[in-house]
Amino acid sequence: MLSITRTQCLSSCPASCVVCSDDAVICHKLSNFIEAPETTKALMLTDGAIVSVDRHFLSDMSNMTVLSLSHNAITTLTHDAFQNLTILHTLLLDHNHLSSQTLDRATFSWLPRLEILQLGNNALREVKGSWFHAARALRTLQLGGNSLTRLDATTFASADLRALETLDLSDNLITYLGRDSFRGLPGLRSLDLSRNQLRNTLPEAFSYLSWLTSLNLELNRWNCTCELRELASFLTSYMEAPDKVLFNGRRMVCVSADNPAVKMVLELTEANCVPPNQNITVQVEAKNSVSPQRYTRDLALAAAFCFAGQYLFHQWPHVTFLFFNNWTGAKEEENRRTAPTQTVPQWDPIRENQALHLAQMGLETKLMLPNSNQQGSHLQPWERERAMYDLKMGKDGRHFTRPHCGPAVTGSAVEQGGGDEHMNTLDMLRQGGVHPNKMGSLAMTDERRRHALISKMEGKHVLVNIFPDCVASTWGCVKHTLQHEVSPPVPPNG
């Protein structure tokens, strides 16, 4: 500590000076520098109107350790103003009009022993690390009360502040605090960022400050949303450490918040960062190159088919069952095609046609043989046709027994001759005189040919479509089937 003893003023000491001695000179309200002894160790010229500092004013004061020029109107510092002050310990330049352009790389480079530097309440809009490239002994840096707006990785990038312990950045306009802002300050113990414009900041900005024991973040403009939750969690953990101090944590008041119930940053948690009744928006991301438009279209089609399927099931149960059987058959056929290593028996249309005609032959034979135990000889024609219908439709009369279908032969095509062979088959069945060999000879030999059985009941035609395959057009099968009315034969009146 420098002890200052009030002594008799020198003859040249102005009346505004309170101390004038060989070791110290303390004066107020001066507009210019005064001459001081070469032995002066402390020079304090405050609350005056000094506007510039030149090397000539301080050239003979090489023993000075404390220089205070606070509360003046200094706008100019020559690059060699402090050239002869090689042992200066404390430099106070706060409350002046210094700008960022006033300071340069050489301004403080003459002060290798400088430990305390006050530049607060000036007109600094940015901080350049080059100002402190030779400040390896600096322990306290006061930059509060300026017009700084942001701190990032370049702020102290080229500075040599390895010994810095206290940094005051309060009362600025800082809105942005980068994660690497304090990367070059490994020994920092006290950081003051109070009374700025911070709305949000990442806790990573303090990750390099392993020795930090004092932190002040009060009276900023905190926006208490979920984005600030990480900082709140960091500060809570920071305060739990026995050697850490968060100054005025209760004054970290939320200026705005999504949840009105949250008043302070430290109250912010994952559970209350949004109000309880806030709607949650879920963004559906398309995967596997499926666009949102296609996804919406598929949903609409699925809903339409579900509705149509339910309607068809209630209106035409037998048709719905046919469609299901055909769809199942198509899927089985597709599985067989996509699994070439497996040997799956293929459906033979010729065999099934032969089996069908043999079944027809057997039924017709039972209906026609006079010595049959089934009393077929006493059946009327409509009863025989009813039996043939049961053979085709199944006992419940609600569905086709044929498992496969394909493009149907329309009634007009049959009438024009496309189904002559099948007309002959029905005529022979109606006449009741079909021989088994003739029935067998009527079997189809082309698996792609279409079959139709037509019977006439009370002026109506019943069309039963038997299709060889419906893998390629399942919906076409159902659509065509719906065009025809299928009903069991009814005995004639009387």
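Biologist: What is the strand order of the open sheet, and how many strands does it have?

Modeller: This is a predicted model. Its open sheet has 11 strands, in the order E1-E2-E3-E5-E7-E8-E9-E11-E13-E14-E16, with mixed pairing. From one strand to the next, the twist averages 5°.

Biologist: What makes E1 and E16 edge strands?

Modeller: Strand E1 (17-20) and strand E16 (245-247) each pair on one side only.

Biologist: How do you know that E9 and E11 pair?

Modeller: Pairing needs at least two bridges. Three bridges join E9 (residues 140-142) to E11 (residues 166-168), so the two strands count as paired. They run parallel. In one of the bridges, Gln142 has Asp168 of E11 as its partner.

Biologist: Where does helix H2 pack?

Modeller: H2 (residues 229-240) packs on the sheet, touching E14 (214-216) and E16. Its direction makes about 125° with that of E16.

Biologist: How do you know that the length of H2 agrees with 1.5 Å a residue?

Modeller: H2 has 12 residues, which should span 16 Å. Its end C-alpha atoms are 17 Å apart, which agrees.

Biologist: Why do you say that the buried residues of H2 line one face?

Modeller: Those residues are Leu231, Ala232, Leu235 and Tyr238. Seen down the axis of H2, they fall within an arc of 125°, so they line one face of the helix. They pack against E14, strand E15 (222-224) and E16.

Biologist: Why is Ser214 called buried?

Modeller: The cut-off is under 20% relative accessible area. Ser214 has 14% relative accessibility, so it counts as buried. This residue is found in E14. Among the residues that Ser214 touches are Tyr238, Val245 and Phe247.

Biologist: Why is the pair of Phe33 and Phe57 called stacked?

Modeller: Stacked means planes under 30 degrees apart, with ring centres within 6.5 Å. Here the centres are 5.0 Å apart and the planes at 15°, so the pair is stacked. Phe33 lies in the loop between E2 (24-28) and E3 (42-46), and Phe57 in helix H1 (residues 55-58), so the pair ties together parts 24 residues apart in sequence.

Biologist: Which of these is buried or partly exposed, Phe33 or Phe57?

Modeller: Phe33 counts as buried at 14% relative accessibility. Phe57 is partly exposed, with a relative accessible area of 40%.

Biologist: What makes the pair of Trp131 and Phe132 edge-to-face?

Modeller: Edge-to-face takes over 60 degrees between planes. This pair has 70°, at 6.1 Å centre to centre. Both Trp131 and Phe132 are buried. With Phe108, they form one aromatic cluster.

Key: Residues are numbered from 1 along each chain as its sequence is written. This is a predicted model: local features need pLDDT of at least 70, side-chain atom pairs count only at pLDDT 80 or more; totals for chains, interfaces and linings use all residues. Side-chain values use heavy atoms; hydrogens and water are left out. Helices (H or I, at least four residues) and strands (E, at least two) are DSSP runs, numbered from the N terminus. Axes are lines fitted to C-alpha atoms, for helices over the stretch in contact, and angles run from 0 to 180 degrees between N-to-C directions. Contact means heavy atoms within 4.5 Å. The expected span of a helix is 1.5 Å times one less than its number of residues. Buried means under 20% relative accessible area, exposed over 50%, partly exposed in between (1.4 Å probe, protein chains only). The arc is that of the directions from the helix axis to the C-beta atoms. Rings of Phe, Tyr and Trp (its six-membered ring) pair if their centres lie within 6.5 Å; planes under 30 degrees apart count as stacked, over 60 as edge-to-face and the rest as tilted. Lists of a residue's contacts leave out its neighbours within four places in sequence.
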